[in-house]
Amino acid sequence: MRLELIKRSAPAPSMRILSPLLGLFLALIAGAIMFSALGKAPDRALYAFFIEPVSEMWSVHELLIKAAPLILMGAGLCICFQSNNWNIGAEGQMIVGAIFGAALPILLPDVQNFLILPLMLIFGILGGMLYGFIPALLKAKFKTNEILTSLMLVYVAQMLLDWIVRGPWRNPEGMNFPESRRFHEWARIPEMIPADGRANWGFVIAIIVAVALGIMLAKSLKGFEVKVIGTSPKAAQFAGFDRQKMIFFAFLLAGGCAGLAGIIEVAGATGQLRPTVSPGYGFTAIIVAYLGRLNPIGAIVAGLVLALTYLGGEAAQISLGLSDKIARVFQGLILFFVLACDTLILYKIRLTFGAAHKGAA
Amino acid sequence: MTQTGAKHLLQLEGISKYYGSFKANDRIDLTIEPGQIHALLGENGAGKSTLVKMLYGSLQPDEGRILWQGAPVVIGNPAEARALGIGMVFQHFSLFDALTVAENIALAMPKDQKLSDIARRLEAISKEYGLPLKAGARIHDLSVGERQRVEIVRCLLQEPQLLILDEPTSVLTPQESEDLFKVLRRLSSEGTAILYISHKLAEVQALCQKATILRHGEVVADCVPANETTLSLAKMMVGDDIHEIAPRNTGSESAEVVLEVKGLSATGLTGFETSLKNVNFSVRKGEIAGIAGIAGNGQSELFAALSGERATAPDMIKIDGVPVGHLSILQRRKLGAMFVSEERLGHAAVPEMSLSDNVVLTRHGLEKDLETGPFIRHSTARKIKDKITEMFDVRKGNEDPPAMSLSGGNLQKFVLGREVMAGAKLVIVNQPTWGVDAGSAAQLRQNLIDLAAEGAAILVISQDLDELFEISDRLATMAEGELSTFVPTGETNRNEVGLKMTGVFEHAAGANA
């Protein structure tokens, strides 16, 4: 018996939807196997990982807090990837966005009015765009591989943040902890339903941005341009679309989204700059984009799913006594299986039995 | 073992191949005798390539059997085919550009042979058959004809009993084709059977002793080409009667110049592109100007410069007297110039996108109501798509299918229709009927003639000499990035043009008709 891949005459639209579901399902099975190998009852472990975190209101709020940056960055990366620009550096763009936005309440702690928060968000976006501009410029002018440059710039951003919170921006009243001063009330994103939990309006911003990007991609000429440049560069040239300009558009857009995610994270959940702003949200957002079918609307659902893996990781640590690295493993499994299942969009599987195919099929 | 196949070299019995529900080959029977030159005739999409791929082991038949010298065989892969004694020269060469001739051939030979031995043998064989080749030459320095020789010599070194050639003359000049025929006749006289795949009737009549004609995956006739007329062969191949092209009035010599190209030079961007060298010509209102030449002699580069996909100095190209060399393709479209590129899928159309989306591809910024602000109005795009498909008889499976699901002919009609439907002042077409079935090709040529009659200036770049002689008023030839002077079609002939294709023409500075 063997498996054969047969090319479909046309891509299967049903599989485009089914593939991520199938991928998730296979990731769960692989997860169950992994839990039993670790000596835990797989059913209880999966329950603790995926169900328990959303069984209480306060933890649903935590889910939304974690989903907001994932959705924002995932949606931006959808556009970026569709246009054939491989921005792997959303993590760095998020960090720089957080630093830029945080500059206002940290450097001007006495300016306290209603203008400060919108300005912070704008600064965050600008910071992310500026940091996305670097790999774009290198790619457009020097044909540098953007995967490498954008990834390497993540580490630069992490070092920058680490230095800034230990050095110049360290809280003067913070007993030498490597943290910035706490943001004043005007500089915090308000919580949506404070009585229930900590979730802030950042989640709503994320949804609005993702929907707007979804509409842009589906309905506007710019969105059309993104798709044509991504699927058929020569046809794009024939249409008069400029690939060089698209590099900047894609990187500035994805960078802006990441910068916004960064400032939402620090002005929302944490309220100050710390040596780490994100537990790898920028990298997880790559999985969000793929699980969401490179569609910003799909990224909303995918962002919630992957936010759950972060919560699950924490739960696994507390109730199962496992390392929270388990969350990373799950994220990897999901990406791996979703990409594998994508094969089914273009191919179908045939089982052949017997040995009568030595040559003849 | 069967008795019937005993003396035949190759016998196919009821070979079928399916792609899903589509029958690419339907119960094909074919017999080839030793030393025979056997033609496999058929239009694009008739199933010729599928059939020979099964013979060469790169596809497996779903039904039927193959008998080789009377014994049933299963040809699992090309290596097994070569071991049996079947050699094949593909239409698209499989050579490594950066390697030498000898190195390329060594790749196909058993591993234990020394490169120097191979080089010696290949030079001996190439001399013997009049296929001059240098073992140490790098492939990227060779002309297309020479590359084909490498492929042929590579096959001959394995002393095949059956040599399959897929559309071998599609890349050759008439003179080069004659040379090839000499080699094939000699091989045949020495006992090598040849399966010659083509849709060019004249060649088949001149060269082949027998012909099998395929249509829609079925064998429709076996015949002796010499006993048939070109017309009767064409009818067997195409099925219905062939559309006759209406005669036309040629454009007036005093009509205004629409496109003017002066001193157009452009260096190839990569080592594999041809540089354009001081190209000069003009096209007038109401005429069809044709540019002949073998693919790869600068036609794509010329098209890119004319369309604006590659910028040049402003004055090198003028439309209605306006310098446009620096303008984008969009700005040139706004001046009334329309372009139909050679590659339909992936250049003129996005394969995965629907026809209406492909309307947006080149009509954005030009059509009224196609956009509101930054948004596309898909309803308008669909209306335009409907109009094109109706006016140009584009046949499609459903309402708004992806471009790649259309046949070559129908997609080409769509692409041409899209560009010219709203009226065009200047139409530049590269290979208008390449890979298009005969019925659609005739219609496309008629469309071009009608457009010229309506007053458009038309430039047709084509490899198909018959086509150019049929529709163009004036002809020039492109070779190695240079363009000959235009001459009225009535004052030249195929041989003259064929000779020019090899680059033999005098350098008339500032030539203009």
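**Entry 1: conventions**

I take two strands as paired if DSSP finds at least two bridges between them. Helices (H or I, at least four residues) and strands (E, at least two) are DSSP runs, numbered from the N terminus. The model is predicted, so I note that local features need pLDDT of at least 70 and side-chain atom pairs count only at pLDDT 80 or more, while totals for chains, interfaces and linings use all residues. Residues are numbered from 1 along each chain as its sequence is written, and chains are lettered from A and ligands numbered from 1 in the order in which they are written.

**Entry 2: sheet E12-E11-E14-E15, chain B**

I looked up an open sheet of 4 strands in chain B, with the order E12-E11-E14-E15 and antiparallel pairing. Its edge strands are E12 (276–284) and E15 (322–323) of chain B, each of which pairs on one side only. Strand E14 (residues 317–319) of chain B is joined to E15(B) by 2 bridges, and the two run antiparallel. In that pair, B:Ile319 stands opposite B:Val322 of E15(B). I then checked what lies on these strands: helix H9 (residues 299–307) of chain B lies across E11 (257–266), E12 and E14 of chain B, running at about 60 degrees to E12(B). For such angles, axes are lines fitted to C-alpha atoms (for helices over the stretch in contact), and the range is 0 to 180 degrees between N-to-C directions. Contact between residues means that their C-beta atoms, placed from the backbone, lie within 7 Å.

**Entry 3: sheet E2-E1-E4-E5, chain B**

I found another open sheet of chain B, where 4 strands are ordered E2-E1-E4-E5 with antiparallel pairing. Strands E2 (22–32) and E5 (71–73) of chain B are at the edges with a single partner strand each, so one side of each has no neighbour in the sheet. On average, and with direction ignored, neighbouring strands of this sheet are turned by 30 degrees against each other. I counted 5 bridges between E1 (residues 10–19) and E4 (residues 63–68) of chain B, which run antiparallel. B:Glu13 has B:Arg65 of E4(B) as its bridge partner. Helix H1 (residues 48–55) of chain B packs on the sheet and touches E1 and E2 of chain B; its direction makes about 60 degrees with that of E2(B).

B:Arg215 stands opposite B:Glu218 of E10(B). E9(B) and E10(B) form a hairpin with 2 residues between them, and B:His216 in the turn has a positive phi of about 50 degrees.

**Entry 4: helix pairs, chain A**

Helix H3 (residues 57–82) and helix H7 (residues 202–219) of chain A pack at about 20 degrees, with their axes 8 Å apart. H3(A) and H7(A) are therefore roughly parallel to each other, where angles under 35 degrees count as roughly parallel, over 145 as roughly antiparallel, 65 to 115 as roughly perpendicular and the rest as oblique. Their crossing is left-handed (near helix turned anticlockwise from the far one by less than a right angle; right-handed if clockwise). The contact includes A:Leu64 and A:Ile79 of H3(A), and A:Gly202 and A:Leu217 of H7(A). By class, the contact of H3(A) with H7(A) has 14 nonpolar, 1 polar and no charged residues. The classes are nonpolar (Ala, Val, Leu, Ile, Met, Phe, Trp, Tyr, Cys, Pro), charged (Asp, Glu, Lys, Arg) and polar (the others, Gly among them).

For helices H5 (residues 116–142) and H6 (residues 146–166) of chain A, the axes come within 9 Å and cross at roughly 150 degrees. H5(A) and H6(A) are therefore roughly antiparallel to each other, and H5(A) passes H6(A) in a right-handed crossing. Among the contact residues are A:Lys139 of H5(A) and A:Glu146 of H6(A). The contact of H5(A) with H6(A) divides into 6 nonpolar, 2 polar and 2 charged residues.

Helix H4 (residues 90–107) of chain A packs against H5(A) at about 145 degrees, with the axes 7 Å apart. H4(A) passes H5(A) in a right-handed crossing.

**Entry 5: the A/B contact**

I counted 26 residues of chain B in contact with 19 residues of chain A. On the side of chain B that touches chain A, helix H10 (329–334), helix H11 (355–363) and strand E18 (375–376) of chain B each supply at least two residues. H11(B) gives the most, with 3 residues. That side of chain B has 13 nonpolar, 10 polar and 3 charged residues.

Key
Contact = placed C-beta atoms within 7 Å.
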